[in-house]
Amino acid sequence: MLFRYTPSAGAGPYEESGPVFIHAEPCAGPERNDEYPADLHIAPRVMRAYNAKGQIHGGELALPNRCEEVIHRLFTDPEVEVIQVRSLSHGCFLFAITRA
């Protein structure tokens with residue numbers, strides 16, 4: 001299924017809505033939520049960082065199999081609260097990673 005979604009990070013002029021694909025039938029979801037999903041390493045991803053006010057606070061292109069490195073690098077900045085993971089080709093929101 002395809003629907004429109006506005007992630008919670010991204011306030012004011014940074015707020016955007018975009019397409020998200022979901023399963024049409026219920027599923028158990030990922031087995032783990034403490035590591036980057038292995039099946040998403042196949043393509044480059046945009047890692048967009050936001051501060052606590054919802055303002056864009058940097059970002060980076062993550063090449064396949066380099067996503068964890070980019071996530072860790074972005075979180076070394078104490079101002080980064082959330083990282084949105086997006087597709088490179090269409091900018092579709094995939095999921096968000098929040099600071100522990």
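View 1. At 0% relative accessibility, Cys67 is a buried residue; buried here means under 20% relative accessible area, exposed means over 50%, and partly exposed is anything in between (1.4 Å probe, protein chains only). This is a predicted model, so local features need pLDDT of at least 70 and side-chain atom pairs count only at pLDDT 80 or more, while totals for chains, interfaces and linings use all residues. Residues are numbered from 1 along each chain as its sequence is written, and side-chain values use heavy atoms, with hydrogens and water left out. Cys92 is buried too, at 14% relative accessibility.

View 2. The score to look at is pLDDT, the predictor's confidence in each residue, from 0 to 100. The protein chain has a mean pLDDT of 86, and 95% of its residues reach 70 or more. Helices (H or I, at least four residues) and strands (E, at least two) are DSSP runs, numbered from the N terminus. Where pLDDT is low, the predicted coordinates should not be read in detail.

View 3. A nonpolar core is a set of buried Ala, Val, Leu, Ile, Met, Phe, Trp, Tyr and Cys residues joined through side-chain atoms within 4.5 Å. The largest one here has 14 residues, and Tyr36, Met47, Ile71, Leu74, Phe75, Ile83 and Ile97 touch the most other members. Strand S3 (45-50), H1 and strand S5 (82-87) each give two or more residues to this core. H1 supplies the largest share, 5 residues. Now pick out Ile71: leaving aside neighbours within four places in sequence, Ile71 is in contact (heavy atoms within 4.5 Å) with Tyr36, Met47, Ile83 and Ile97. In soluble globular proteins, nonpolar side chains tend to be buried together.

**View 4. Arg32, Asp34 and Glu35, a network of salt bridges.** A salt bridge is a side-chain nitrogen of Lys or Arg within 4 Å of a carboxyl oxygen of Asp or Glu, and the whole structure holds 4 of them. Three residues, Arg32, Asp34 and Glu35, are linked in a network. Arg32 meets Asp34 at 2.8 Å, N to O, and meets Glu35 at 3.4 Å. Asp34 is exposed at 55% relative accessibility, whereas Arg32 is partly exposed at 45%, and Glu35 is partly exposed at 46%.

**View 5. Glu69 and Arg66, another salt bridge.** In this pair the closest N and O atoms are 3.1 Å apart. Glu69 is partly exposed, with a relative accessible area of 38%, and Arg66 is partly exposed as well, at 43%.

**View 6. Arg48, a buried arginine in strand S3.** Is Arg48 buried or exposed? Arg48 sits in strand S3 and counts as buried because its relative accessibility is 19%. Its side chain makes a polar contact with the side chain of Tyr50 (3.4 Å); a polar contact is a pair of N or O atoms within 3.5 Å, where, within protein, one must be able to donate a hydrogen and the other to accept it, and residues adjacent in sequence count only if both atoms are side-chain atoms. Beyond four places in sequence, the contacts of Arg48 include Glu16, Ile56, Val82 and Arg86.
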